[in-house]
Amino acid sequence: MSDTRRRVKVYTLNEDRQWDDRGTGHVSSTFVERLKGISLLVRAESDGSLLLESKISPNTAYQKQQDTLIVWSEAENYDLALSFQEKAGCDEIWEKICQVQGKDPALEITQDPIDESEEERFEEMPETSHLVELPPCELARLEEIADLVTSVLSSPIRREKLALALMSEGYMKKLLQLFQVCEDLDNREGLHHLYEIVRGVLFLNKAALFEVMFSDDCIMDVVGCLEFDPSLVQPKKHREFLTKTAKFKEVIPITDSELRQKIHQTYRVQYIQDIILPTPSVFEENFLSTLTSFIFFNKVEIVSMLQEDEKFLTEVFAQLTDEATEDCKRRELVNFFKEFCAFSQTLQPQNRDAFFKTLANLGILPALEIVMGMDDLQVRAAATDIFSYLVEFSPSMVREFVMQEPQQTDDDVLLINVVIKQMICDSDPELGGAVQLMGLLRTLIDPENMLAPTNKTEKTEFLSFFYKYCMQVLTVPLLASTVDEKNCKDLQEGSTKINPVCPDNFQTAQLLALILELLTFCVEHHTYHIKTYIMNKDLLRRVLVLMNSKHTFLALCALRFMRRIIGQKDEYYNRYIVKGNLFEPVINTLLDNGTRYNLLNSAIIELFEFIKVEDIKSLIAHIIDNYYKALESIEYVQTFKGLKGRYEQEKDRQTLRLNRYRRDARTLDEDEDEEMWFNEDGEAIEKSRPEEEFPESFGKYMEAKKGAANGTNGANCKPATSPTSAASPNGSPTKSATPPATPVVKTAMVGLVDYPDDEDEEDEDEEQSPRKRPRLGS
């Protein structure tokens, strides 16, 4: 089954009336015992798995379209299609289907598809038991023909009958010949009837009729008929546009005549659907589904034919990257690739993968790197669209390419830096291109799509690359448009409001807002790399200068950047903010805003509310210690009083903890004195610990006790202060009979005596322990 005649693609029609590719394989017709009949089998060419097993039912309506398509419905809302690589294979399977159903293979449809209920079928049976009889194709009968075509559109069965009648004896071509006669005679009434007829025939939704109507001989006459809409005073000039205004440009000569004809046909049919035909009503929306399918399969075929012609694509790439290529020629080449990539969106995922891999192997990314840096705005815009298709298809492929560039080129011409510079230098006042490029950059640096199992180090490697080679390029406008606070005051001393953004125009503000949006995204997703960059560049201080911008949306972007940093609840960030007094510009903006209840006011209040609710102690202490006097007058919200309350609670907790530590120190001293007294008494030590826990000390103590019992009055014993401090009666030092003070005092008091006060203190200590207290915010 390796011959190409039987090679097919299997398609199913989804709910959106779009064809889904189910795979490529080889078709055969054979008897299947389980289905008890001749069936169509398609096995995948990749692994031999069964893609399709469909019994050829005697009552199923099969249609042959465009010489290489067979379409049928197996159940309600379940349409299938086989697209053959060769016409011979399609004819062979079609003959087999017709043989099973007992039909003539010359027909394009094997059955009359009946969608109505049994009752409706019974009612219409006398009316549809034979073919619709069409009036003779004459000028005088055009009105009658138009009425007939219009009347059958509401009945699926009659539409089928009319379609069969129109396909017999070349009736459709005769009608289009009458159009030429009417136009020569300027017969407006006949032209209006022909408009209704052609429009109605298109709504019959039959591929066999489309094959005739959209052939090279007939399609311009079809367009001509559709120019004479009776509702218009003057006819449209669609043919003039298609033949004179719309020019077919071959950037590289296409030698395949079939491919050239297919491109012409697809463009014109798309024009008919999008421009000429009115938007279908709710009741007509399915009338043109076959027209949509016709265009879809044409585009698939065009892309496949171009993709397989490697000589053609190689020549296109060679001219695109050749420095000697003229600008107008290069513009046409880029526009060709843009249109080529747009066509590829009709392909199914696996086919689209193969398409973009082909482009990548031919060098699409190095070519884009060249053309995106050109001065021609049209070329750059088209190149941006192509780049967006590539990023959407495979961000990893683009990342892999750019990470190899530093070994081959300078930092200034890296592809990502070219993209960043194009974003920064966008001349559009609305920054439409910059917005598109910012979205592409965001996709490339998003760790969520760096989780491919084939390259587990992609995230680390690419982010290291980006922050080493590209981040400084991205932040150039931000650093150039902001200066530190000291210089601000020097520059604008005496002004009522410091406004250090220069120039503070709308386009610059928009660009800075886009950059801040990307940096805010980095704070959330690139924890380590962006933190290091912010600290090294003192970036937050520079960003907060924008709080003074006259553009409120830019001030909000700066505030959002700080809010995202604080939202990380990272003490490194918190210490950086405290050390730099970075709340000052935020609080100044709040105070300057006064009593105005606006988005800026709400956003700043929310920032402080978050700090209060999350109980970020270091920031709360800094705010209250340094700014509370300026904030205590704000009473329309309880945020700042709440911060003060949190501050006081933490202060009380610290005081209690300090007092506890002091009490513990005093208790320790008292315990040492008590143990000294117990050493004199000589009894409590015996009960302190088992002998084996401190054998040396215990042995010395027992020897001392025996010595005291034999010759020393216990009442005259004095406490020893150190193991060697006892003096002999003659005043010279001698070894003491008492045990060493340090180990005995430290260990002997555990559990000796229970004091009621000690239990209270232990309970109090447990209650005051910060590990056991519930969070205040909970």
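Is Cys341 buried or exposed? Cys341 is buried, because its relative accessible area is 0%. Here are my notes on the rest.

1. Ground rules. This is a predicted model, where local features need pLDDT of at least 70 and side-chain atom pairs count only at pLDDT 80 or more, while totals for chains, interfaces and linings use all residues. Residues are numbered from 1 along each chain as its sequence is written, and side-chain values use heavy atoms, with hydrogens and water left out.

2. "Buried" is under 20% relative accessible area, "exposed" is over 50%, and "partly exposed" lies in between (1.4 Å probe, protein chains only). With a relative accessible area of 40%, Cys328 is partly exposed.

3. The whole chain. You'll find 35 helices and seven strands in the protein chain. Both are DSSP runs numbered from the N terminus: helices are H or I with at least four residues, strands are E with at least two. Of the 778 residues, 46% count as buried. The accessible surface comes to about 41,100 Å², and 49% of that belongs to carbon and sulfur atoms; areas come from the Shrake-Rupley method with a 1.4 Å probe, and for residues only the protein chains shown count as cover.

4. Thr482. Look in the loop between helix H22 (476–481) and helix H23 (485–491). Thr482 counts as buried because its relative accessibility is 1%. Its side chain reaches the backbone oxygen of Leu478 at 2.8 Å. Leaving aside neighbours within four places in sequence, Thr482 is in contact (heavy atoms within 4.5 Å) with Arg542, Val545 and Leu546.

5. Helix H25. In this helix (residues 527–537), His529, Ile530, Lys531, Tyr533 and Ile534 are buried. An α-helix has 3.6 residues a turn, so residues three or four places apart point the same way. What do the buried residues of H25 pack against? Their partners are helices H20 (458–469), H21 (471–474), H24 (506–525), H26 (539–544), H27 (552–567) and H28 (571–579). Asp538 follows H25, and its phi is positive, near 50°.

6. A surface spot. Leu139, Val181 and Leu185 form a nonpolar patch with about 240 Å² of accessible area together. Patches are made of residues with over 30% relative accessible area and no salt bridge; like charges are joined within 9 Å, nonpolar side chains (Val, Leu, Ile, Met, Phe, Trp, Tyr) within 5 Å. A salt bridge is a side-chain nitrogen of Lys or Arg within 4 Å of a carboxyl oxygen of Asp or Glu. Leu185 sits in helix H5 (residues 171–185) and is exposed, at 57% relative accessible area.

Key
A polar contact is a pair of N or O atoms within 3.5 Å; within protein, one must be able to donate a hydrogen and the other to accept it, and residues adjacent in sequence count only if both atoms are side-chain atoms.
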